[in-house]
Amino acid sequence: MNNKKLENVIISIFCKYGLTINHSKICAKALINAELVGAPSHGLSRLKMYCDRIKKKVINSQPKIKIKKISQSISQIDANNSIGFVAADIAIKTAIKNAQKTGIGLVGVKNSGHYGLSGYYAEQAVKKNLIAFCFTNAPPAIAPHGSKKSLFGTNPICFGAPTSSKVPFILDTSVSVINRGKIRVAARTGKKIPKGVALDKFGTPTTDAKKALEGVQLPIAEFRGSGLAWMVDILSGVFTGGNHGGKVKDPFDDFSGPQNIGHLFIVIKPNLFVGNYNQRIKENIKKIKRLPKIKDVKEILYPGQSKSRRYKINLKKVINIPKNILEDLNKLLDA
Ligand SMILES: NC(=O)c1ccc[n+]([C@@H]2O[C@H](COP(=O)([O-])OP(=O)(O)OC[C@H]3O[C@@H](n4cnc5c(N)ncnc54)[C@H](O)[C@@H]3O)[C@@H](O)[C@H]2O)c1
(Lines give C-alpha, C1' and ligand atoms only; values in the text may rest on other atoms or scores of the structure.)
Protein backbone atom coordinates (compact mmCIF):
# COMPACT_ATOMS: atom_id res chain seq x y z
CA MET A 1 0.00 0.00 0.00
CA ASN A 2 1.49 3.39 -0.91
CA ASN A 3 1.62 6.14 1.69
CA LYS A 4 -1.25 8.19 0.23
CA LYS A 5 -3.47 5.12 0.21
CA LEU A 6 -2.43 4.35 3.79
CA GLU A 7 -3.35 7.91 4.80
CA ASN A 8 -6.77 7.46 3.18
CA VAL A 9 -7.26 4.16 5.01
CA ILE A 10 -6.52 5.88 8.33
CA ILE A 11 -8.94 8.69 7.43
CA SER A 12 -11.65 6.11 6.67
CA ILE A 13 -11.03 4.37 9.99
CA PHE A 14 -11.31 7.58 12.02
CA CYS A 15 -14.45 8.58 10.08
CA LYS A 16 -15.91 5.15 10.83
CA TYR A 17 -15.26 5.79 14.50
CA GLY A 18 -17.28 9.02 14.30
CA LEU A 19 -14.69 11.75 13.75
CA THR A 20 -15.47 14.43 11.17
CA ILE A 21 -13.60 14.17 7.88
CA ASN A 22 -11.58 17.25 8.80
CA HIS A 23 -10.55 15.85 12.20
CA SER A 24 -9.81 12.44 10.62
CA LYS A 25 -7.46 14.11 8.14
CA ILE A 26 -5.61 15.94 10.92
CA CYS A 27 -5.13 12.65 12.82
CA ALA A 28 -4.06 10.67 9.75
CA LYS A 29 -1.47 13.28 8.76
CA ALA A 30 0.03 13.26 12.26
CA LEU A 31 0.29 9.45 12.32
CA ILE A 32 1.84 9.28 8.85
CA ASN A 33 4.30 12.03 9.82
CA ALA A 34 5.38 9.99 12.88
CA GLU A 35 6.14 7.04 10.61
CA LEU A 36 8.03 9.22 8.13
CA VAL A 37 10.24 10.86 10.75
CA GLY A 38 11.15 7.41 12.06
CA ALA A 39 9.02 7.42 15.23
CA PRO A 40 6.77 4.36 14.67
CA SER A 41 6.17 4.22 18.43
CA HIS A 42 3.96 7.31 17.89
CA GLY A 43 2.50 6.24 14.56
CA LEU A 44 0.33 3.36 13.36
CA SER A 45 1.08 1.34 16.49
CA ARG A 46 -1.24 3.72 18.38
CA LEU A 47 -4.16 3.72 15.95
CA LYS A 48 -5.99 0.86 17.66
CA MET A 49 -5.58 2.52 21.05
CA TYR A 50 -7.13 5.77 19.79
CA CYS A 51 -10.04 3.85 18.24
CA ASP A 52 -10.57 1.83 21.42
CA ARG A 53 -10.71 5.04 23.43
CA ILE A 54 -13.20 6.59 20.98
CA LYS A 55 -15.36 3.46 21.15
CA LYS A 56 -15.32 3.53 24.96
CA LYS A 57 -16.23 7.25 24.78
CA VAL A 58 -13.14 8.39 26.71
CA ILE A 59 -12.14 10.30 23.58
CA ASN A 60 -14.98 12.50 22.37
CA SER A 61 -15.41 11.91 18.63
CA GLN A 62 -17.55 15.05 18.19
CA PRO A 63 -15.96 17.56 20.59
CA LYS A 64 -17.17 21.11 21.00
CA ILE A 65 -13.77 22.74 21.30
CA LYS A 66 -13.90 26.19 22.93
CA ILE A 67 -11.24 28.84 22.27
CA LYS A 68 -11.29 31.61 24.86
CA LYS A 69 -9.37 34.72 23.94
CA ILE A 70 -7.72 36.13 27.05
CA SER A 71 -5.79 38.86 25.20
CA GLN A 72 -4.43 39.45 21.68
CA SER A 73 -1.52 37.17 22.61
CA ILE A 74 -3.11 34.64 24.96
CA SER A 75 -5.79 32.01 24.33
CA GLN A 76 -7.12 29.13 26.38
CA ILE A 77 -8.58 26.05 24.73
CA ASP A 78 -10.98 23.62 26.33
CA ALA A 79 -10.65 20.60 24.03
CA ASN A 80 -13.76 18.84 25.41
CA ASN A 81 -11.87 15.51 25.49
CA SER A 82 -11.09 15.56 21.78
CA ILE A 83 -8.35 13.39 20.37
CA GLY A 84 -5.09 15.20 21.19
CA PHE A 85 -4.04 15.72 17.54
CA VAL A 86 -7.05 17.93 16.86
CA ALA A 87 -6.70 20.01 20.03
CA ALA A 88 -2.98 20.52 19.38
CA ASP A 89 -3.57 21.41 15.73
CA ILE A 90 -6.04 24.14 16.68
CA ALA A 91 -3.78 25.31 19.51
CA ILE A 92 -0.58 25.69 17.50
CA LYS A 93 -2.47 27.49 14.71
CA THR A 94 -3.97 29.86 17.31
CA ALA A 95 -0.55 30.45 18.91
CA ILE A 96 0.96 31.18 15.46
CA LYS A 97 -1.81 33.67 14.69
CA ASN A 98 -1.40 35.40 18.06
CA ALA A 99 2.39 35.62 17.61
CA GLN A 100 2.08 37.03 14.09
CA LYS A 101 -0.20 39.77 15.46
CA THR A 102 1.60 40.68 18.67
CA GLY A 103 5.06 39.09 18.62
CA ILE A 104 4.18 36.35 21.09
CA GLY A 105 1.41 33.77 21.24
CA LEU A 106 0.65 31.75 24.37
CA VAL A 107 -1.97 29.00 24.22
CA GLY A 108 -2.91 26.67 27.07
CA VAL A 109 -5.01 23.57 26.36
CA LYS A 110 -7.00 21.51 28.86
CA ASN A 111 -9.20 18.41 28.49
CA SER A 112 -7.08 17.03 25.67
CA GLY A 113 -5.52 13.65 24.94
CA HIS A 114 -2.23 12.20 23.70
CA TYR A 115 -1.10 14.37 20.77
CA GLY A 116 1.86 12.37 19.43
CA LEU A 117 5.13 14.11 18.64
CA SER A 118 5.69 17.63 19.99
CA GLY A 119 8.08 18.43 17.15
CA TYR A 120 5.27 18.07 14.62
CA TYR A 121 3.59 21.17 16.09
CA ALA A 122 6.82 23.14 16.62
CA GLU A 123 7.65 22.57 12.95
CA GLN A 124 4.39 24.23 11.90
CA ALA A 125 5.46 27.43 13.69
CA VAL A 126 9.06 27.28 12.47
CA LYS A 127 7.82 26.92 8.87
CA LYS A 128 6.22 30.35 9.40
CA ASN A 129 9.58 31.69 10.58
CA LEU A 130 8.66 31.66 14.27
CA ILE A 131 10.30 30.24 17.42
CA ALA A 132 8.18 27.71 19.34
CA PHE A 133 8.04 25.88 22.63
CA CYS A 134 5.61 22.95 23.01
CA PHE A 135 4.91 21.12 26.25
CA THR A 136 2.58 18.26 27.12
CA ASN A 137 2.25 16.05 30.13
CA ALA A 138 1.77 12.30 29.91
CA PRO A 139 0.75 9.36 32.14
CA PRO A 140 2.97 8.33 35.09
CA ALA A 141 6.19 6.66 33.95
CA ILE A 142 9.04 8.34 35.83
CA ALA A 143 9.58 8.35 39.58
CA PRO A 144 10.32 11.82 40.97
CA HIS A 145 13.91 11.88 42.25
CA GLY A 146 13.97 10.24 45.67
CA SER A 147 10.68 8.34 45.19
CA LYS A 148 10.15 4.74 44.07
CA LYS A 149 6.69 5.42 42.66
CA SER A 150 6.30 6.75 39.12
CA LEU A 151 4.28 9.93 38.84
CA PHE A 152 5.68 12.15 36.07
CA GLY A 153 5.08 11.32 32.45
CA THR A 154 7.90 11.15 29.94
CA ASN A 155 6.83 14.80 29.48
CA PRO A 156 8.64 15.93 26.32
CA ILE A 157 10.33 19.30 26.07
CA CYS A 158 10.28 20.78 22.61
CA PHE A 159 11.93 23.90 21.26
CA GLY A 160 11.96 24.87 17.59
CA ALA A 161 13.76 27.75 15.89
CA PRO A 162 14.26 28.88 12.30
CA THR A 163 17.84 28.35 11.14
CA SER A 164 17.72 30.40 7.97
CA SER A 165 18.10 27.11 6.09
CA LYS A 166 15.52 24.52 5.02
CA VAL A 167 16.26 22.33 8.05
CA PRO A 168 14.78 23.75 11.26
CA PHE A 169 16.33 23.42 14.72
CA ILE A 170 13.88 21.13 16.55
CA LEU A 171 14.93 19.90 19.95
CA ASP A 172 12.19 17.45 20.90
CA THR A 173 13.12 15.19 23.76
CA SER A 174 11.42 13.11 26.41
CA VAL A 175 12.82 13.57 29.89
CA SER A 176 13.10 9.82 30.34
CA VAL A 177 16.27 8.06 29.18
CA ILE A 178 14.20 6.56 26.35
CA ASN A 179 10.61 7.31 25.43
CA ARG A 180 7.83 5.02 26.68
CA GLY A 181 6.63 4.31 23.14
CA LYS A 182 9.95 2.57 22.39
CA ILE A 183 9.52 0.37 25.49
CA ARG A 184 5.97 -0.50 24.42
CA VAL A 185 7.18 -1.49 20.95
CA ALA A 186 9.95 -3.64 22.54
CA ALA A 187 7.37 -5.29 24.83
CA ARG A 188 5.14 -6.05 21.85
CA THR A 189 7.93 -7.45 19.73
CA GLY A 190 9.71 -9.32 22.56
CA LYS A 191 12.89 -7.23 22.26
CA LYS A 192 15.16 -6.19 25.15
CA ILE A 193 15.55 -2.54 26.15
CA PRO A 194 18.99 -1.01 26.85
CA LYS A 195 20.53 -1.13 30.32
CA GLY A 196 20.07 1.91 32.55
CA VAL A 197 16.68 3.05 31.28
CA ALA A 198 14.26 1.39 33.72
CA LEU A 199 13.73 -0.43 37.00
CA ASP A 200 11.23 -3.26 37.59
CA LYS A 201 8.44 -2.90 40.17
CA PHE A 202 10.87 -3.99 42.91
CA GLY A 203 13.30 -1.20 42.03
CA THR A 204 15.85 -3.52 40.37
CA PRO A 205 17.43 -2.46 37.03
CA THR A 206 15.87 -4.40 34.12
CA THR A 207 16.26 -4.84 30.35
CA ASP A 208 12.90 -6.66 30.11
CA ALA A 209 10.45 -4.26 28.42
CA LYS A 210 7.35 -5.79 30.06
CA LYS A 211 8.90 -5.55 33.52
CA ALA A 212 9.96 -1.97 32.76
CA LEU A 213 6.35 -1.04 31.91
CA GLU A 214 5.24 -2.42 35.29
CA GLY A 215 8.08 -0.62 37.03
CA VAL A 216 9.64 2.80 36.72
CA GLN A 217 11.44 4.60 33.89
CA LEU A 218 14.55 6.56 34.81
CA PRO A 219 14.76 10.29 34.08
CA ILE A 220 17.69 11.75 32.13
CA ALA A 221 20.47 13.07 34.39
CA GLU A 222 18.91 11.98 37.70
CA PHE A 223 17.47 14.90 39.74
CA ARG A 224 17.91 17.30 36.83
CA GLY A 225 15.66 15.23 34.57
CA SER A 226 13.21 14.76 37.41
CA GLY A 227 13.11 18.56 37.81
CA LEU A 228 12.47 19.05 34.09
CA ALA A 229 9.63 16.49 34.15
CA TRP A 230 8.15 18.39 37.09
CA MET A 231 8.46 21.70 35.21
CA VAL A 232 6.54 20.25 32.25
CA ASP A 233 3.83 18.93 34.61
CA ILE A 234 3.45 22.44 36.08
CA LEU A 235 3.38 24.20 32.68
CA SER A 236 1.13 21.66 30.92
CA GLY A 237 -1.10 20.59 33.79
CA VAL A 238 -1.13 22.91 36.81
CA PHE A 239 -0.98 26.08 34.70
CA THR A 240 -3.46 25.15 31.93
CA GLY A 241 -6.21 23.46 33.98
CA GLY A 242 -5.32 19.96 32.75
CA ASN A 243 -4.67 16.93 34.91
CA HIS A 244 -1.36 16.89 36.78
CA GLY A 245 0.39 15.26 39.73
CA GLY A 246 0.10 11.73 38.27
CA LYS A 247 -3.61 11.97 37.36
CA VAL A 248 -3.20 11.63 33.56
CA LYS A 249 -4.59 8.19 32.68
CA ASP A 250 -2.56 5.69 30.68
CA PRO A 251 -4.14 5.68 27.19
CA PHE A 252 -3.50 1.96 26.67
CA ASP A 253 -4.52 0.58 30.05
CA ASP A 254 -6.97 2.93 31.71
CA PHE A 255 -10.35 3.45 30.06
CA SER A 256 -12.07 4.69 33.23
CA GLY A 257 -12.31 8.24 31.87
CA PRO A 258 -10.73 10.85 29.57
CA GLN A 259 -7.06 11.68 30.02
CA ASN A 260 -7.57 15.44 30.47
CA ILE A 261 -4.03 16.08 29.33
CA GLY A 262 -2.77 19.66 29.23
CA HIS A 263 -0.56 21.22 26.57
CA LEU A 264 1.16 24.59 26.42
CA PHE A 265 2.34 26.29 23.22
CA ILE A 266 4.48 29.43 23.19
CA VAL A 267 5.26 30.98 19.81
CA ILE A 268 7.55 33.98 19.38
CA LYS A 269 8.72 36.20 16.51
CA PRO A 270 12.50 35.74 16.22
CA ASN A 271 13.22 39.40 15.50
CA LEU A 272 11.72 40.83 18.71
CA PHE A 273 15.08 41.99 20.07
CA VAL A 274 17.39 41.97 17.04
CA GLY A 275 16.84 42.92 13.41
CA ASN A 276 19.31 40.35 12.06
CA TYR A 277 18.15 37.07 13.65
CA ASN A 278 18.76 35.13 10.43
CA GLN A 279 22.37 36.19 10.19
CA ARG A 280 22.96 35.59 13.92
CA ILE A 281 21.49 32.06 13.89
CA LYS A 282 23.52 31.20 10.79
CA GLU A 283 26.74 32.34 12.52
CA ASN A 284 25.79 30.48 15.69
CA ILE A 285 25.24 27.15 13.94
CA LYS A 286 28.27 27.55 11.69
CA LYS A 287 30.54 28.16 14.69
CA ILE A 288 29.30 25.08 16.54
CA LYS A 289 29.44 22.82 13.50
CA ARG A 290 33.06 23.82 12.85
CA LEU A 291 34.28 22.79 16.32
CA PRO A 292 36.88 19.99 16.47
CA LYS A 293 35.14 16.61 16.60
CA ILE A 294 35.75 13.63 18.84
CA LYS A 295 36.89 10.34 17.30
CA ASP A 296 34.38 8.62 14.98
CA VAL A 297 32.10 11.69 14.77
CA LYS A 298 31.87 12.85 11.16
CA GLU A 299 29.57 15.79 11.70
CA ILE A 300 28.19 17.81 14.61
CA LEU A 301 24.44 17.80 14.10
CA TYR A 302 21.94 20.23 15.51
CA PRO A 303 18.67 18.83 16.90
CA GLY A 304 16.23 18.10 14.10
CA GLN A 305 18.86 17.50 11.42
CA SER A 306 18.89 13.70 11.59
CA LYS A 307 15.09 13.60 11.72
CA SER A 308 14.88 15.82 8.67
CA ARG A 309 17.26 13.50 6.78
CA ARG A 310 15.23 10.43 7.80
CA TYR A 311 12.03 12.16 6.65
CA LYS A 312 13.48 12.93 3.20
CA ILE A 313 14.64 9.33 2.73
CA ASN A 314 11.40 7.81 4.07
CA LEU A 315 9.27 10.05 1.88
CA LYS A 316 10.53 8.10 -1.12
CA LYS A 317 9.74 4.72 0.46
CA VAL A 318 6.57 2.86 1.29
CA ILE A 319 5.88 2.81 5.05
CA ASN A 320 6.64 -0.60 6.47
CA ILE A 321 3.60 -1.91 8.36
CA PRO A 322 4.41 -4.77 10.78
CA LYS A 323 2.12 -7.80 10.45
CA ASN A 324 0.32 -7.31 13.78
CA ILE A 325 -0.42 -3.66 12.97
CA LEU A 326 -1.67 -4.55 9.48
CA GLU A 327 -4.04 -7.03 11.14
CA ASP A 328 -5.25 -4.26 13.48
CA LEU A 329 -5.77 -1.93 10.50
CA ASN A 330 -7.87 -4.50 8.66
CA LYS A 331 -9.95 -5.24 11.77
CA LEU A 332 -10.55 -1.52 12.36
CA LEU A 333 -11.61 -1.07 8.73
CA ASP A 334 -14.07 -3.96 9.00
CA ALA A 335 -15.41 -2.92 12.42
N1 LIG B 1 2.89 13.05 23.55
C2 LIG B 1 3.56 12.48 24.51
O3 LIG B 1 3.03 12.20 25.58
C4 LIG B 1 5.01 12.13 24.33
C5 LIG B 1 5.75 11.67 25.43
C6 LIG B 1 7.10 11.40 25.25
C7 LIG B 1 7.70 11.58 24.01
N8 LIG B 1 6.95 12.02 22.97
C9 LIG B 1 7.58 12.23 21.66
O10 LIG B 1 8.43 11.17 21.33
C11 LIG B 1 9.42 11.64 20.44
C12 LIG B 1 10.73 10.98 20.68
O13 LIG B 1 11.33 11.44 21.88
P14 LIG B 1 12.79 10.94 22.27
O15 LIG B 1 13.15 11.51 23.58
O16 LIG B 1 12.89 9.47 22.06
O17 LIG B 1 13.67 11.64 21.12
P18 LIG B 1 15.14 11.27 20.64
O19 LIG B 1 15.95 10.74 21.78
O20 LIG B 1 15.06 10.46 19.41
O21 LIG B 1 15.72 12.70 20.22
C22 LIG B 1 15.80 13.76 21.16
C23 LIG B 1 16.36 15.00 20.48
O24 LIG B 1 17.75 14.83 20.23
C25 LIG B 1 18.04 15.20 18.89
N26 LIG B 1 19.18 14.40 18.43
C27 LIG B 1 19.19 13.07 18.17
N28 LIG B 1 20.41 12.68 17.77
C29 LIG B 1 21.19 13.79 17.78
C30 LIG B 1 22.58 14.05 17.48
N31 LIG B 1 23.39 13.10 17.08
N32 LIG B 1 23.02 15.29 17.61
C33 LIG B 1 22.21 16.29 18.01
N34 LIG B 1 20.90 16.11 18.33
C35 LIG B 1 20.41 14.89 18.21
C36 LIG B 1 16.78 14.93 18.12
O37 LIG B 1 16.73 15.76 16.97
C38 LIG B 1 15.72 15.32 19.13
O39 LIG B 1 15.46 16.68 19.08
C40 LIG B 1 9.41 13.15 20.53
O41 LIG B 1 8.88 13.64 19.31
C42 LIG B 1 8.46 13.46 21.67
O43 LIG B 1 7.69 14.64 21.50
C44 LIG B 1 5.62 12.29 23.10
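Student: Which backbone atom lies 3.0 Å from an oxygen atom of the ligand?
Tutor: Keep in mind that this is a predicted model. To read a polar contact, look for N or O atoms paired within 3.5 Å. Here, a backbone N or O atom of S118 sits 3.0 Å from a ligand oxygen. I170 also places a backbone N or O atom 3.0 Å from an oxygen of the ligand. With K182 it's a polar side-chain atom, 3.3 Å from a ligand oxygen. The protein covers 72% of the 860 Å² of accessible area that the ligand has on its own.

Student: How many residues surround the ligand?
Tutor: There are 20, and the closest are G116, D172, S174, N179 and G304. Sorted by class, the shell has eight nonpolar, 10 polar and two charged residues. Strand β6 (residues 169-173) gives the largest share, four residues.

Student: What does the side chain of S73 make a polar contact with?
Tutor: The side chain of T102, at 2.7 Å. A polar atom of the S73 side chain is also 3.1 Å from the backbone oxygen of I104.

Student: And what follows α4?
Tutor: G103, with a positive phi near 105 degrees. Helix α4 itself (residues 84-102) reaches 26 Å from first C-alpha to last, close to the 27 Å expected.

Notes:
Residues numbered from 1 in each chain as written. Predicted model: local features only at pLDDT ≥ 70, side-chain atom pairs only at ≥ 80, totals over all residues. Heavy atoms only, no water. Near = heavy atom within 4 Å. Polar contact = N/O pair within 3.5 Å; in protein donor to acceptor, adjacent residues only side chain to side chain. Areas by Shrake-Rupley, 256 points an atom, 1.4 Å probe, with all protein chains shown as cover. Helix = DSSP H or I, 4+ residues; strand = E, 2+ residues; numbered from the N terminus. Nonpolar A, V, L, I, M, F, W, Y, C, P; charged D, E, K, R; others polar. Expected span 1.5 Å × (residues − 1).
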